[in-house]
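Here are some friendly notes to read with the model open beside you. Take the points one at a time, and look up each residue as you reach it.

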Amino acid sequence: MKGSDQLVDMALLYMSLSFLCIGGTIPLIPDMHRFFVDTRGLMTTTEFAGYIALAQVAPGPNILYIALFGYHVAGIAGALTALGAISFVPFVLMVIVTKMFARLQANPWREIVLRGLAPVTVGLMFAGCMLLFRGMPDWRAWVLAAVAFFVFMFTKLHPLWMIGVGALTGVVLGM
Amino acid sequence: MIESSAPTAFVPSRRALFLAFLQIGVSAFGGALPWGRRILVEDREWLSERDFTEIVTVCQAVPGPNMVNLAVFIGTRYHGIVGALIAFAGIVGVPLTILLLLNEVYHAFAHLPQVKSGMTGMAAAATAYLLFMSLKMGGPFWKRPLGIVLCAASASLAFFAHWHMALVLLVCGAVGVVLSKRGQL
C-alpha cells in the first residue's frame with residue numbers, strides 16, 4: 001500500500017475515533033491495536049506498547065503516543081496527521097462548549113451521562129491493558145508488571161521512578 | 001458568559017497564554033491535570049479553585065484528552081479561536097518535539113539487545129501504571145455491583161469478542177446511562 005494511502009486511512013481512523021474518546025484516549029487502545037497491529041501489520045505489539053511507554057516517560061499530555069504511531073507509519077507527516085486528526089473534532093467541540101458553558105454546567109444530564117459512561121470507558125481501558133499484557137514477550141515481564149502495579153497502588157512513589165526501575169530490571173534480566 | 005467567577009475582568013495576553021500552557025506541557029509527567037491546577041490556579045491565579053474543578057468536569061464530558069480540552073477552553077475564553085490554537089500549540093508543541101527526539105535516540109540504539117530488554121521492562125511498568133490509572137478513574141461505580149458488571153462486560157466485549165469501540169460505547173453506554181438515570185451507578 002502506498003504511503004499516502006496509509007496517511008489517509010490513519011487520518012480517517014483517528015477522525016472517527018476522536019468522537020468517542022470520552023475520558024481521554026486510553027480507551028481507544030483496543031481499536032488502535034486492531035488497526036496498527038492486527039489488520040495492517042504496521043508494527044508488533046511490543047513496538048506498540050513501547051511507544052506508549054516512551055510517551056509516558058516524556059513530558060506532555062499523554063495523547064502524544066498517538067503522534068508516535070503516526071511517526072512510525074509516515075515520519076513527521078504521519079505524526080502531524082495523527083495528532084491533527086485526533087484533535088480536530090474535540091477542538092471544534094470544545095470551542096462551541098466554551099461558548100455555552102453556563103448552560104452545560106446547569107444541565108443535570110451531564111452528570112447522569114458521565115456516571116453511566118464511566119464503567120464503560122474504564123472497561124475499555126482494561127481491555128487495552130490486557131492486549132498490552134498479552135503481547136509481552138516474556139513471563140518475567142508479567143511479574144514485573146504485577147510488582148509495579150502494587151507499588152503504584154500502595155506507595156506514593158512517583159510513577160516515573162518505577163518505570164525507570166522497570167527499564168533497569170529489563171536490562172539486568174535480559175527480557 | 002461565566003457568572004460565578006470574580007477574576008474574569010483580567011485577561012492574560014496571548015504570549016502569557018502560550019507560556020502558561022507551554023509550562024504545563026513540559027512539567028506534565030504522567031497526567032497533566034495536577035500541573036494545570038498548580039499553574040493556572042495557584043501560580044497564575046487566572047481561575048479560582050472552584051472554576052477549575054467545574055471547567056474540568058465539563059471538559060471530561062466532551063470527547064478528547066482532558067488537558068487539551070482545558071487548553072482549548074481557556075484559550076477560547078480569553079482570545080477566541082486564535083487563543084485556543086495558541087494554548088493548544090503551547091501544550092503540545094515542545095513535548096512533541098522532545099518525544100520525537102527521544103524516539104530518534106531510541107531507534108538509533110534499538111538494535112542493541114540491552115535497549116530492547118530495557119524497553120520491554122519499561123513497557124511492563126508503564127502498562128501497570130495505565131492499569132492503575134484506569135482503576136483510579138473508576139470513581140463511585142466500584143461500590144455498585146451493576147457498575148462492576150458493566151465494566152467487566154465492556155472489557156470482555158472489547159477484548160474477547162473483539163467488538164469495535166463504537167459498538168461497545170453504544171450498547172454498554174446505553175445500558176450505563178439507563179442505570180445511571182435510575183440511580184443504580
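**Notes on a predicted two-chain model**

1. Let us start with a pair of helices. The axes of α2(A) and α6(A) cross at roughly 40° and come within 8 Å of each other. Axes here are lines fitted to C-alpha atoms, for helices over the stretch in contact, and angles run from 0 to 180 degrees between N-to-C directions. On the α2(A) side the meeting residues are A:Ile29, A:Pro30 and A:His33, and on the α6(A) side A:Leu124, A:Ala127, A:Gly128 and A:Leu131. Two residues are in contact if their C-beta atoms, placed from the backbone, lie within 7 Å. By class, this contact has five nonpolar, two polar and no charged residues. Ala, Val, Leu, Ile, Met, Phe, Trp, Tyr, Cys and Pro count as nonpolar, Asp, Glu, Lys and Arg as charged, and the others, Gly among them, as polar.

2. A word on how to read this. The model is predicted, so local features need pLDDT of at least 70 and side-chain atom pairs count only at pLDDT 80 or more, while totals for chains, interfaces and linings use all residues. Residues are numbered from 1 along each chain as its sequence is written, and chains are lettered from A and ligands numbered from 1 in the order in which they are written.

3. Now chain A as a whole. Chain A has eight helices and zero strands, where helices (H or I, at least four residues) and strands (E, at least two) are DSSP runs, numbered from the N terminus. Its C-alpha trace spans about 55 × 45 × 25 Å along the principal axes. Of its 175 residues, 52% count as buried. Buried means 20 or more other C-beta atoms within 10 Å of a residue's own, exposed means 12 or fewer, and partly exposed is in between, with C-beta atoms placed from the backbone.

4. Which residues does A:Val89 contact, leaving aside its neighbours within four places in sequence? They are A:Met15, A:Ser18, A:Phe19 and B:Pro63. A:Val89 sits in helix α4 of chain A and is buried, with 20 other C-beta atoms within 10 Å. A:Met15 is 74 residues away from A:Val89 in sequence, yet their C-alpha atoms are 7.1 Å apart.

5. The two chains meet through 87 residues from chain A and 83 residues from chain B. On the chain A side, α6(A) gives the most, with 21 residues. That side has 66 nonpolar, 17 polar and four charged residues.

6. Look next at A:Leu68. Beyond its neighbours within four places in sequence, A:Leu68 is in contact with A:Tyr51, A:Leu54, A:Ala55, B:Leu99 and B:Asn103.

7. Finally, turn to two loops in chain B. B:Glu45, in the loop between α2 (33–43) and α3 (49–61) of chain B, has a positive phi of about 55° although it is not a glycine. B:Glu45 is exposed, with 10 other C-beta atoms within 10 Å. B:His162, in the loop between α6 (145–159) and α7 (165–181) of chain B, also has a positive phi of about 55° without being a glycine. B:His162 is exposed, with 11 other C-beta atoms within 10 Å.
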